[in-house]
Amino acid sequence: MKSNILFVITICLTFFFLLSCLSQRHEDEQLARQYCGSCHIFPDPGLLDKKNWENVLPEMSFRMGIDVSMLSTIAADDQPEVLQVLPGHPMVTTEEWESIKKYYFNNSPDSLNVASSTIPNRVKQFTIEPYSLPTFPVTTFIKSDTSTNKIYVGSRFKKLYRLNENLVPEDSIQLSSPPSQILISKNGDLTLLLMGIMDPNDQPKGEVAKLNVHDHTVMKLIDSLKRPVNFEMVDLDRDGLDDVVACAFGNYSGALLVYKNLGHGNFEKHVLQNLPGARKVIIRDFDNNGMDDILALMSQGDEKIILLLNQGNFNFRMNTILSFPPVYGSSYFDVADFNNDGKFDILYTNGDNADYSAILKPYHGVRIFLNNGKNDFAESWFYNMHGASQAVARDFDLDGDLDIAAIAFFPDFKNHAEQGFIYFENKGTNYIPQTTPMGAKGRWITLEASDIDRDGDCDLLLGALDFDKGVPKELLEQWKQEEISILVLRNKIR
(Lines give C-alpha, C1' and ligand atoms only; values in the text may rest on other atoms or scores of the structure.)
Protein backbone atom coordinates (compact mmCIF):
# COMPACT_ATOMS: atom_id res chain seq x y z
CA MET A 1 0.00 0.00 0.00
CA LYS A 2 2.82 2.36 0.95
CA SER A 3 4.67 1.66 -2.32
CA ASN A 4 1.52 2.43 -4.31
CA ILE A 5 1.18 5.80 -2.57
CA LEU A 6 4.84 6.60 -3.29
CA PHE A 7 4.32 5.62 -6.93
CA VAL A 8 1.31 7.94 -7.23
CA ILE A 9 3.21 10.77 -5.54
CA THR A 10 6.14 10.28 -7.94
CA ILE A 11 3.82 10.33 -10.95
CA CYS A 12 2.13 13.49 -9.70
CA LEU A 13 5.45 15.25 -9.02
CA THR A 14 6.72 14.26 -12.47
CA PHE A 15 3.53 15.53 -14.04
CA PHE A 16 3.72 18.86 -12.22
CA PHE A 17 7.41 19.16 -13.10
CA LEU A 18 6.70 18.58 -16.78
CA LEU A 19 3.78 20.97 -16.62
CA SER A 20 6.03 23.58 -15.03
CA CYS A 21 8.66 23.06 -17.72
CA LEU A 22 6.07 23.39 -20.47
CA SER A 23 4.68 26.50 -18.84
CA GLN A 24 8.16 28.03 -18.55
CA ARG A 25 8.94 27.14 -22.15
CA HIS A 26 5.69 28.79 -23.23
CA GLU A 27 6.57 31.92 -21.24
CA ASP A 28 10.07 32.00 -22.78
CA GLU A 29 8.60 31.67 -26.27
CA GLN A 30 6.04 34.38 -25.60
CA LEU A 31 8.79 36.76 -24.51
CA ALA A 32 10.86 35.93 -27.58
CA ARG A 33 7.90 36.44 -29.92
CA GLN A 34 6.95 39.69 -28.22
CA TYR A 35 10.36 41.35 -28.25
CA CYS A 36 12.24 39.60 -31.07
CA GLY A 37 9.25 40.15 -33.33
CA SER A 38 8.76 43.81 -32.48
CA CYS A 39 11.34 45.25 -34.92
CA HIS A 40 11.20 42.56 -37.62
CA ILE A 41 9.66 39.17 -38.39
CA PHE A 42 10.09 36.75 -35.48
CA PRO A 43 13.14 34.56 -36.24
CA ASP A 44 12.44 30.90 -35.56
CA PRO A 45 15.18 29.21 -33.46
CA GLY A 46 15.60 26.60 -36.22
CA LEU A 47 17.05 29.20 -38.61
CA LEU A 48 20.47 28.96 -36.92
CA ASP A 49 22.37 26.37 -34.92
CA LYS A 50 23.21 26.82 -31.24
CA LYS A 51 26.75 28.01 -31.88
CA ASN A 52 25.62 30.80 -34.19
CA TRP A 53 22.81 31.92 -31.92
CA GLU A 54 25.61 32.45 -29.38
CA ASN A 55 27.18 34.84 -31.90
CA VAL A 56 23.96 36.62 -32.89
CA LEU A 57 22.26 37.14 -29.52
CA PRO A 58 24.94 39.45 -28.03
CA GLU A 59 24.43 41.71 -31.06
CA MET A 60 20.70 41.69 -30.37
CA SER A 61 21.40 42.48 -26.72
CA PHE A 62 23.32 45.56 -27.87
CA ARG A 63 20.59 46.71 -30.25
CA MET A 64 17.95 46.26 -27.54
CA GLY A 65 19.93 48.40 -25.10
CA ILE A 66 20.58 45.54 -22.66
CA ASP A 67 24.38 45.47 -22.91
CA VAL A 68 25.84 48.51 -24.67
CA SER A 69 29.48 47.70 -23.88
CA MET A 70 29.91 46.82 -27.58
CA LEU A 71 29.77 50.55 -28.30
CA SER A 72 33.42 50.83 -27.27
CA THR A 73 34.41 48.53 -30.16
CA ILE A 74 32.78 50.82 -32.74
CA ALA A 75 34.83 53.52 -34.47
CA ALA A 76 34.69 56.84 -32.61
CA ASP A 77 33.32 58.67 -35.67
CA ASP A 78 30.44 56.18 -35.90
CA GLN A 79 29.46 56.20 -32.22
CA PRO A 80 27.33 59.39 -32.27
CA GLU A 81 25.26 58.00 -35.15
CA VAL A 82 24.89 54.58 -33.51
CA LEU A 83 23.83 56.11 -30.19
CA GLN A 84 20.90 57.78 -31.93
CA VAL A 85 19.38 54.43 -32.93
CA LEU A 86 19.91 52.62 -29.62
CA PRO A 87 16.94 52.63 -27.22
CA GLY A 88 17.13 55.05 -24.32
CA HIS A 89 16.67 52.20 -21.84
CA PRO A 90 16.74 48.38 -22.05
CA MET A 91 13.78 46.94 -23.91
CA VAL A 92 13.59 43.98 -21.49
CA THR A 93 14.80 43.18 -17.99
CA THR A 94 17.88 41.03 -17.39
CA GLU A 95 15.64 38.15 -16.32
CA GLU A 96 13.50 38.43 -19.44
CA TRP A 97 16.60 38.50 -21.64
CA GLU A 98 17.92 35.34 -19.99
CA SER A 99 14.57 33.66 -20.72
CA ILE A 100 14.75 34.71 -24.37
CA LYS A 101 18.31 33.38 -24.66
CA LYS A 102 17.27 30.11 -23.06
CA TYR A 103 14.42 29.74 -25.53
CA TYR A 104 16.76 30.07 -28.52
CA PHE A 105 19.45 27.79 -27.09
CA ASN A 106 16.96 25.10 -26.04
CA ASN A 107 15.04 25.07 -29.32
CA SER A 108 17.78 25.46 -31.94
CA PRO A 109 19.49 22.51 -33.64
CA ASP A 110 23.11 21.52 -33.11
CA SER A 111 23.69 22.04 -36.84
CA LEU A 112 21.74 23.01 -39.94
CA ASN A 113 20.87 20.42 -42.56
CA VAL A 114 22.67 21.94 -45.54
CA ALA A 115 23.10 20.35 -48.97
CA SER A 116 26.00 21.36 -51.20
CA SER A 117 26.01 19.20 -54.29
CA THR A 118 27.66 19.16 -57.69
CA ILE A 119 25.77 20.64 -60.64
CA PRO A 120 26.41 18.26 -63.57
CA ASN A 121 25.33 20.56 -66.42
CA ARG A 122 27.92 22.90 -67.92
CA VAL A 123 27.28 26.30 -69.49
CA LYS A 124 27.51 25.90 -73.30
CA GLN A 125 25.53 28.88 -74.51
CA PHE A 126 28.24 31.44 -73.72
CA THR A 127 31.86 31.95 -74.66
CA ILE A 128 33.63 32.92 -71.44
CA GLU A 129 36.47 35.43 -71.44
CA PRO A 130 38.44 36.80 -68.44
CA TYR A 131 39.66 40.41 -68.30
CA SER A 132 41.94 42.25 -65.92
CA LEU A 133 42.10 45.88 -64.85
CA PRO A 134 45.29 47.69 -63.77
CA THR A 135 44.63 46.94 -60.09
CA PHE A 136 43.74 43.91 -57.95
CA PRO A 137 40.07 42.87 -58.45
CA VAL A 138 38.02 45.14 -56.22
CA THR A 139 35.08 45.92 -58.53
CA THR A 140 32.09 47.76 -57.09
CA PHE A 141 29.81 47.92 -60.15
CA ILE A 142 29.69 47.40 -63.92
CA LYS A 143 27.46 49.44 -66.20
CA SER A 144 27.18 48.98 -69.96
CA ASP A 145 26.23 52.04 -72.03
CA THR A 146 24.85 50.60 -75.27
CA SER A 147 24.35 54.05 -76.80
CA THR A 148 28.09 54.73 -76.85
CA ASN A 149 29.38 51.14 -76.65
CA LYS A 150 31.27 51.97 -73.47
CA ILE A 151 31.49 50.01 -70.24
CA TYR A 152 31.96 51.75 -66.89
CA VAL A 153 33.56 49.89 -63.98
CA GLY A 154 33.81 51.15 -60.40
CA SER A 155 36.63 50.21 -58.05
CA ARG A 156 37.01 50.07 -54.28
CA PHE A 157 40.23 52.02 -54.84
CA LYS A 158 38.14 55.15 -55.65
CA LYS A 159 38.49 54.69 -59.40
CA LEU A 160 36.08 54.79 -62.31
CA TYR A 161 37.26 53.04 -65.46
CA ARG A 162 35.81 53.54 -68.92
CA LEU A 163 36.31 50.58 -71.26
CA ASN A 164 35.57 50.19 -74.94
CA GLU A 165 33.40 47.36 -76.29
CA ASN A 166 36.47 45.09 -76.32
CA LEU A 167 36.97 45.83 -72.61
CA VAL A 168 40.17 47.75 -73.20
CA PRO A 169 40.54 50.62 -70.68
CA GLU A 170 40.28 54.02 -72.37
CA ASP A 171 40.23 56.22 -69.31
CA SER A 172 40.37 56.14 -65.52
CA ILE A 173 39.05 58.82 -63.19
CA GLN A 174 40.17 59.30 -59.58
CA LEU A 175 37.22 59.90 -57.25
CA SER A 176 36.87 61.00 -53.64
CA SER A 177 35.46 57.64 -52.52
CA PRO A 178 34.44 54.26 -53.96
CA PRO A 179 31.53 54.52 -56.44
CA SER A 180 28.59 52.17 -56.04
CA GLN A 181 26.51 53.06 -59.12
CA ILE A 182 26.37 55.24 -62.21
CA LEU A 183 23.33 56.56 -64.08
CA ILE A 184 23.55 57.55 -67.72
CA SER A 185 20.89 59.98 -68.95
CA LYS A 186 19.45 60.03 -72.46
CA ASN A 187 21.66 62.98 -73.34
CA GLY A 188 24.76 61.21 -72.05
CA ASP A 189 25.12 62.94 -68.67
CA LEU A 190 26.73 60.78 -65.99
CA THR A 191 25.63 60.84 -62.36
CA LEU A 192 27.64 58.93 -59.76
CA LEU A 193 26.78 57.51 -56.36
CA LEU A 194 29.80 57.64 -54.03
CA MET A 195 29.83 55.51 -50.89
CA GLY A 196 32.09 57.66 -48.71
CA ILE A 197 33.37 54.62 -46.83
CA MET A 198 32.71 51.21 -48.36
CA ASP A 199 33.17 49.06 -45.25
CA PRO A 200 30.29 48.86 -42.73
CA ASN A 201 29.95 52.27 -41.09
CA ASP A 202 27.43 54.94 -40.12
CA GLN A 203 29.30 58.05 -41.16
CA PRO A 204 27.34 60.39 -43.50
CA LYS A 205 30.09 60.75 -46.11
CA GLY A 206 28.32 59.47 -49.24
CA GLU A 207 27.35 61.68 -52.18
CA VAL A 208 25.38 61.98 -55.39
CA ALA A 209 27.50 63.84 -57.95
CA LYS A 210 27.59 64.83 -61.62
CA LEU A 211 30.64 63.67 -63.54
CA ASN A 212 32.26 65.39 -66.51
CA VAL A 213 34.21 62.67 -68.34
CA HIS A 214 36.08 65.22 -70.45
CA ASP A 215 37.85 67.13 -67.69
CA HIS A 216 37.19 64.60 -64.87
CA THR A 217 35.51 67.21 -62.69
CA VAL A 218 32.88 66.12 -60.18
CA MET A 219 30.05 68.42 -59.06
CA LYS A 220 28.35 67.45 -55.82
CA LEU A 221 24.53 67.39 -55.90
CA ILE A 222 23.67 65.74 -52.57
CA ASP A 223 25.90 64.93 -49.61
CA SER A 224 25.71 63.42 -46.10
CA LEU A 225 24.49 59.98 -47.21
CA LYS A 226 25.32 56.93 -45.10
CA ARG A 227 27.07 54.38 -47.34
CA PRO A 228 24.66 54.72 -50.30
CA VAL A 229 24.50 51.66 -52.58
CA ASN A 230 21.73 52.38 -55.08
CA PHE A 231 19.79 55.35 -56.47
CA GLU A 232 17.47 56.49 -59.25
CA MET A 233 16.62 59.88 -60.71
CA VAL A 234 13.01 60.48 -61.73
CA ASP A 235 10.48 63.30 -61.77
CA LEU A 236 8.24 62.17 -58.92
CA ASP A 237 6.12 65.34 -58.71
CA ARG A 238 5.91 66.01 -62.47
CA ASP A 239 7.43 69.50 -62.24
CA GLY A 240 9.97 68.89 -65.01
CA LEU A 241 12.92 68.34 -62.65
CA ASP A 242 14.46 64.97 -61.80
CA ASP A 243 14.24 64.08 -58.12
CA VAL A 244 16.54 61.54 -56.43
CA VAL A 245 15.62 58.31 -54.65
CA ALA A 246 18.59 57.01 -52.64
CA CYS A 247 19.33 53.84 -50.67
CA ALA A 248 21.58 54.83 -47.76
CA PHE A 249 22.48 51.33 -46.59
CA GLY A 250 24.52 52.46 -43.58
CA ASN A 251 25.14 49.88 -40.86
CA TYR A 252 23.34 50.39 -37.55
CA SER A 253 21.62 53.43 -39.03
CA GLY A 254 20.62 54.38 -42.56
CA ALA A 255 17.54 55.30 -44.56
CA LEU A 256 15.52 55.13 -47.75
CA LEU A 257 15.40 58.72 -48.92
CA VAL A 258 13.79 60.95 -51.54
CA TYR A 259 15.25 64.32 -52.49
CA LYS A 260 12.92 66.81 -54.15
CA ASN A 261 14.71 68.79 -56.83
CA LEU A 262 14.14 72.48 -56.06
CA GLY A 263 16.21 73.62 -59.04
CA HIS A 264 19.52 75.49 -59.16
CA GLY A 265 21.33 72.59 -57.49
CA ASN A 266 19.14 72.53 -54.38
CA PHE A 267 17.37 69.46 -52.97
CA GLU A 268 14.89 68.92 -50.14
CA LYS A 269 15.18 65.66 -48.18
CA HIS A 270 12.24 63.37 -47.37
CA VAL A 271 12.74 60.23 -45.25
CA LEU A 272 10.69 57.24 -46.44
CA GLN A 273 12.18 54.61 -44.14
CA ASN A 274 14.40 55.59 -41.23
CA LEU A 275 16.11 52.20 -41.16
CA PRO A 276 19.45 50.76 -42.30
CA GLY A 277 19.75 48.28 -45.13
CA ALA A 278 18.01 50.06 -48.02
CA ARG A 279 19.41 48.00 -50.90
CA LYS A 280 17.68 48.73 -54.20
CA VAL A 281 14.77 50.67 -55.68
CA ILE A 282 12.72 50.19 -58.84
CA ILE A 283 10.70 53.15 -60.06
CA ARG A 284 7.49 52.59 -62.01
CA ASP A 285 3.85 53.67 -62.03
CA PHE A 286 2.64 50.51 -60.31
CA ASP A 287 -0.94 51.66 -59.66
CA ASN A 288 -1.43 53.39 -63.03
CA ASN A 289 -2.39 56.76 -61.57
CA GLY A 290 0.08 58.70 -63.70
CA MET A 291 2.71 59.14 -60.98
CA ASP A 292 5.83 57.05 -60.46
CA ASP A 293 5.92 54.82 -57.39
CA ILE A 294 8.84 53.20 -55.54
CA LEU A 295 9.42 49.48 -55.03
CA ALA A 296 12.26 48.95 -52.56
CA LEU A 297 14.22 46.15 -50.91
CA MET A 298 15.12 46.71 -47.25
CA SER A 299 17.65 44.41 -45.57
CA GLN A 300 19.90 44.57 -42.49
CA GLY A 301 17.35 43.50 -39.88
CA ASP A 302 13.82 44.36 -40.91
CA GLU A 303 14.10 42.56 -44.27
CA LYS A 304 11.23 43.26 -46.62
CA ILE A 305 10.12 44.43 -50.04
CA ILE A 306 7.88 47.48 -49.81
CA LEU A 307 5.76 49.32 -52.36
CA LEU A 308 5.52 53.08 -51.81
CA LEU A 309 2.58 54.44 -53.79
CA ASN A 310 2.94 58.05 -54.81
CA GLN A 311 0.08 60.17 -53.41
CA GLY A 312 1.53 63.43 -54.68
CA ASN A 313 3.47 66.21 -52.93
CA PHE A 314 6.08 63.62 -51.79
CA ASN A 315 3.58 61.69 -49.72
CA PHE A 316 3.68 57.91 -50.15
CA ARG A 317 1.38 55.12 -48.97
CA MET A 318 3.45 52.11 -47.96
CA ASN A 319 2.46 48.49 -48.51
CA THR A 320 4.69 45.64 -47.38
CA ILE A 321 4.79 43.19 -50.28
CA LEU A 322 7.03 40.51 -48.76
CA SER A 323 8.76 40.06 -45.38
CA PHE A 324 11.71 37.88 -44.47
CA PRO A 325 13.42 36.81 -41.21
CA PRO A 326 16.37 38.99 -40.15
CA VAL A 327 18.93 36.20 -40.72
CA TYR A 328 17.90 35.68 -44.36
CA GLY A 329 20.50 38.11 -45.71
CA SER A 330 18.35 39.74 -48.41
CA SER A 331 20.74 40.88 -51.12
CA TYR A 332 18.90 41.85 -54.34
CA PHE A 333 15.62 41.89 -56.22
CA ASP A 334 14.20 42.70 -59.63
CA VAL A 335 10.84 42.53 -61.36
CA ALA A 336 9.79 40.57 -64.46
CA ASP A 337 6.68 38.87 -65.80
CA PHE A 338 7.53 35.18 -65.47
CA ASN A 339 4.10 33.74 -66.32
CA ASN A 340 3.09 36.23 -69.04
CA ASP A 341 -0.04 37.41 -67.28
CA GLY A 342 0.79 41.11 -67.60
CA LYS A 343 1.55 41.49 -63.88
CA PHE A 344 4.98 42.12 -62.40
CA ASP A 345 6.52 39.22 -60.48
CA ILE A 346 9.57 39.40 -58.21
CA LEU A 347 12.97 37.79 -58.60
CA TYR A 348 14.74 37.81 -55.22
CA THR A 349 18.10 36.67 -53.84
CA ASN A 350 19.24 36.24 -50.27
CA GLY A 351 22.72 35.20 -49.21
CA ASP A 352 24.45 38.06 -47.39
CA ASN A 353 26.71 36.11 -45.05
CA ALA A 354 29.21 38.68 -43.80
CA ASP A 355 27.94 39.25 -40.28
CA TYR A 356 27.51 37.04 -37.22
CA SER A 357 26.45 33.68 -38.65
CA ALA A 358 28.80 33.03 -41.57
CA ILE A 359 27.72 29.45 -42.29
CA LEU A 360 26.02 27.80 -45.24
CA LYS A 361 22.25 28.12 -44.90
CA PRO A 362 19.56 25.97 -46.54
CA TYR A 363 17.32 29.01 -47.12
CA HIS A 364 19.89 31.06 -49.04
CA GLY A 365 19.25 31.23 -52.75
CA VAL A 366 17.18 32.52 -55.64
CA ARG A 367 13.39 32.80 -55.54
CA ILE A 368 10.52 33.76 -57.81
CA PHE A 369 7.38 35.25 -56.27
CA LEU A 370 4.35 35.34 -58.57
CA ASN A 371 1.82 38.17 -58.42
CA ASN A 372 -1.85 37.14 -58.27
CA GLY A 373 -2.86 40.45 -59.86
CA LYS A 374 -3.63 42.12 -56.53
CA ASN A 375 0.01 42.55 -55.50
CA ASP A 376 -0.21 39.48 -53.30
CA PHE A 377 2.87 37.36 -53.93
CA ALA A 378 3.49 33.64 -53.48
CA GLU A 379 6.77 31.80 -53.88
CA SER A 380 6.68 29.64 -57.01
CA TRP A 381 10.34 28.60 -57.31
CA PHE A 382 13.38 28.35 -55.05
CA TYR A 383 16.92 27.17 -55.65
CA ASN A 384 19.33 26.84 -52.74
CA MET A 385 22.28 28.88 -54.05
CA HIS A 386 24.67 29.48 -51.17
CA GLY A 387 25.51 33.14 -50.63
CA ALA A 388 23.34 34.38 -53.53
CA SER A 389 23.92 38.10 -54.10
CA GLN A 390 22.27 39.09 -57.41
CA ALA A 391 20.15 37.65 -60.22
CA VAL A 392 18.79 38.89 -63.53
CA ALA A 393 16.00 37.48 -65.70
CA ARG A 394 16.32 37.68 -69.50
CA ASP A 395 15.39 35.54 -72.47
CA PHE A 396 19.02 34.60 -73.02
CA ASP A 397 18.29 31.74 -75.44
CA LEU A 398 15.57 33.66 -77.34
CA ASP A 399 12.98 30.90 -76.99
CA GLY A 400 10.21 33.12 -75.62
CA ASP A 401 10.61 32.58 -71.86
CA LEU A 402 12.79 34.08 -69.14
CA ASP A 403 16.03 32.44 -68.07
CA ILE A 404 17.99 33.48 -64.97
CA ALA A 405 21.65 34.30 -64.37
CA ALA A 406 22.81 34.57 -60.76
CA ILE A 407 25.98 35.23 -58.79
CA ALA A 408 26.96 34.49 -55.19
CA PHE A 409 29.41 36.49 -53.10
CA PHE A 410 29.41 33.79 -50.39
CA PRO A 411 29.24 30.44 -52.20
CA ASP A 412 30.61 27.18 -50.80
CA PHE A 413 34.19 28.11 -51.65
CA LYS A 414 35.60 24.95 -50.06
CA ASN A 415 33.61 22.45 -52.12
CA HIS A 416 31.96 24.28 -55.03
CA ALA A 417 33.60 27.63 -55.73
CA GLU A 418 32.37 27.38 -59.35
CA GLN A 419 28.84 27.94 -58.04
CA GLY A 420 29.69 31.60 -57.58
CA PHE A 421 27.92 31.82 -60.95
CA ILE A 422 24.94 29.73 -62.03
CA TYR A 423 22.93 30.01 -65.24
CA PHE A 424 19.36 28.70 -65.03
CA GLU A 425 17.85 27.72 -68.37
CA ASN A 426 14.06 27.89 -68.42
CA LYS A 427 12.66 24.56 -69.57
CA GLY A 428 9.00 25.43 -69.04
CA THR A 429 8.35 23.37 -65.93
CA ASN A 430 11.71 23.97 -64.27
CA TYR A 431 14.94 25.94 -64.35
CA ILE A 432 17.97 23.78 -65.14
CA PRO A 433 21.12 24.99 -63.33
CA GLN A 434 24.40 25.14 -65.26
CA THR A 435 27.89 26.08 -64.08
CA THR A 436 31.35 26.66 -65.47
CA PRO A 437 34.81 26.16 -63.91
CA MET A 438 35.38 29.84 -64.71
CA GLY A 439 32.86 30.65 -61.99
CA ALA A 440 35.64 29.93 -59.48
CA LYS A 441 37.94 32.58 -60.96
CA GLY A 442 36.77 35.38 -58.67
CA ARG A 443 34.39 36.51 -55.96
CA TRP A 444 31.55 38.00 -57.95
CA ILE A 445 29.88 41.04 -56.44
CA THR A 446 28.11 42.58 -59.43
CA LEU A 447 26.33 41.33 -62.54
CA GLU A 448 25.41 43.26 -65.69
CA ALA A 449 23.24 41.89 -68.52
CA SER A 450 23.64 43.73 -71.84
CA ASP A 451 24.17 43.12 -75.54
CA ILE A 452 27.75 44.38 -75.49
CA ASP A 453 28.65 43.02 -78.95
CA ARG A 454 25.42 44.27 -80.55
CA ASP A 455 24.47 40.96 -82.19
CA GLY A 456 20.89 40.80 -80.90
CA ASP A 457 21.29 38.59 -77.83
CA CYS A 458 22.05 39.36 -74.19
CA ASP A 459 25.57 38.92 -72.82
CA LEU A 460 26.78 38.94 -69.21
CA LEU A 461 29.53 40.75 -67.34
CA LEU A 462 30.58 39.61 -63.86
CA GLY A 463 32.65 41.88 -61.63
CA ALA A 464 34.97 40.50 -58.93
CA LEU A 465 35.76 41.89 -55.52
CA ASP A 466 38.23 39.32 -54.18
CA PHE A 467 37.62 39.81 -50.47
CA ASP A 468 39.46 37.00 -48.60
CA LYS A 469 36.99 36.12 -45.82
CA GLY A 470 35.97 32.45 -45.98
CA VAL A 471 38.14 31.69 -49.02
CA PRO A 472 40.60 28.75 -48.93
CA LYS A 473 44.24 29.83 -49.13
CA GLU A 474 44.91 27.95 -52.38
CA LEU A 475 41.97 29.64 -54.14
CA LEU A 476 42.98 33.07 -52.87
CA GLU A 477 46.52 32.54 -54.16
CA GLN A 478 45.09 31.63 -57.56
CA TRP A 479 43.06 34.84 -57.61
CA LYS A 480 46.17 36.86 -56.72
CA GLN A 481 48.11 35.31 -59.57
CA GLU A 482 45.41 35.72 -62.23
CA GLU A 483 43.80 38.99 -61.02
CA ILE A 484 40.63 38.57 -63.07
CA SER A 485 38.44 41.63 -62.52
CA ILE A 486 35.72 40.94 -65.11
CA LEU A 487 34.32 37.75 -66.56
CA VAL A 488 32.51 38.26 -69.87
CA LEU A 489 30.01 35.64 -71.06
CA ARG A 490 29.31 36.31 -74.73
CA ASN A 491 26.04 34.77 -75.83
CA LYS A 492 26.39 32.47 -78.84
CA ILE A 493 22.69 32.23 -79.74
CA ARG A 494 23.27 34.75 -82.55
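Tutor: A residue is called buried when its relative accessible area is under 20%, exposed when it is over 50%, and partly exposed in between, as judged with a 1.4 Å probe on protein chains only. This is a predicted model, in which local features need pLDDT of at least 70 and side-chain atom pairs count only at pLDDT 80 or more, while totals for chains, interfaces and linings use all residues. Residues are numbered from 1 along each chain as its sequence is written, and side-chain values use heavy atoms, with hydrogens and water left out.

Student: How many salt bridges does the structure hold?

Tutor: Side chains of opposite charge can pair when their charged atoms come close. With a salt bridge taken as a side-chain nitrogen of Lys or Arg within 4 Å of a carboxyl oxygen of Asp or Glu, the structure holds 21. One of them joins lysine 50 to aspartate 110, at 3.8 Å from N to O. Lysine 50 lies in helix H2 (residues 50-63) and aspartate 110 in the loop between helix H4 (94-107) and strand E1 (126-131), so the pair ties together parts that are 60 residues apart in sequence. Helices (H or I, at least four residues) and strands (E, at least two) are DSSP runs, numbered from the N terminus.

Student: Is this pair buried or exposed?

Tutor: Lysine 50 is partly exposed, with a relative accessible area of 26%, whereas aspartate 110 is exposed, at 65%.

Student: Which partner does lysine 280 have in its salt bridge?

Tutor: Lysine 280 pairs with aspartate 334, the closest N and O atoms being 3.8 Å apart. This pair links distant parts of the chain, since lysine 280 belongs to strand E14 (residues 278-284) and aspartate 334 to strand E18 (residues 330-336), 54 residues apart. Lysine 280 is buried, with a relative accessible area of 9%, and aspartate 334 also counts as buried, at 16%.

Student: What joins lysine 304 and aspartate 302?

Tutor: Their side chains meet in a salt bridge of 3.1 Å, N to O; lysine 304 is buried, with a relative accessible area of 8%, and aspartate 302 is partly exposed, at 21%.

Student: Where is aspartate 457, and what surrounds it?

Tutor: Aspartate 457 sits in the loop between strand E26 (444-450) and strand E27 (459-464). Aspartate 457 is buried yet has no salt bridge, the nearest side chain of opposite charge, arginine 494, being 6.1 Å away; Lys and Arg count as positive and Asp and Glu as negative, with His and the chain ends not counted. Leaving aside neighbours within four places in sequence, aspartate 457 is in contact with Leu398, Asp451, Asn491, Lys492, Ile493 and Arg494, contact meaning heavy atoms within 4.5 Å.
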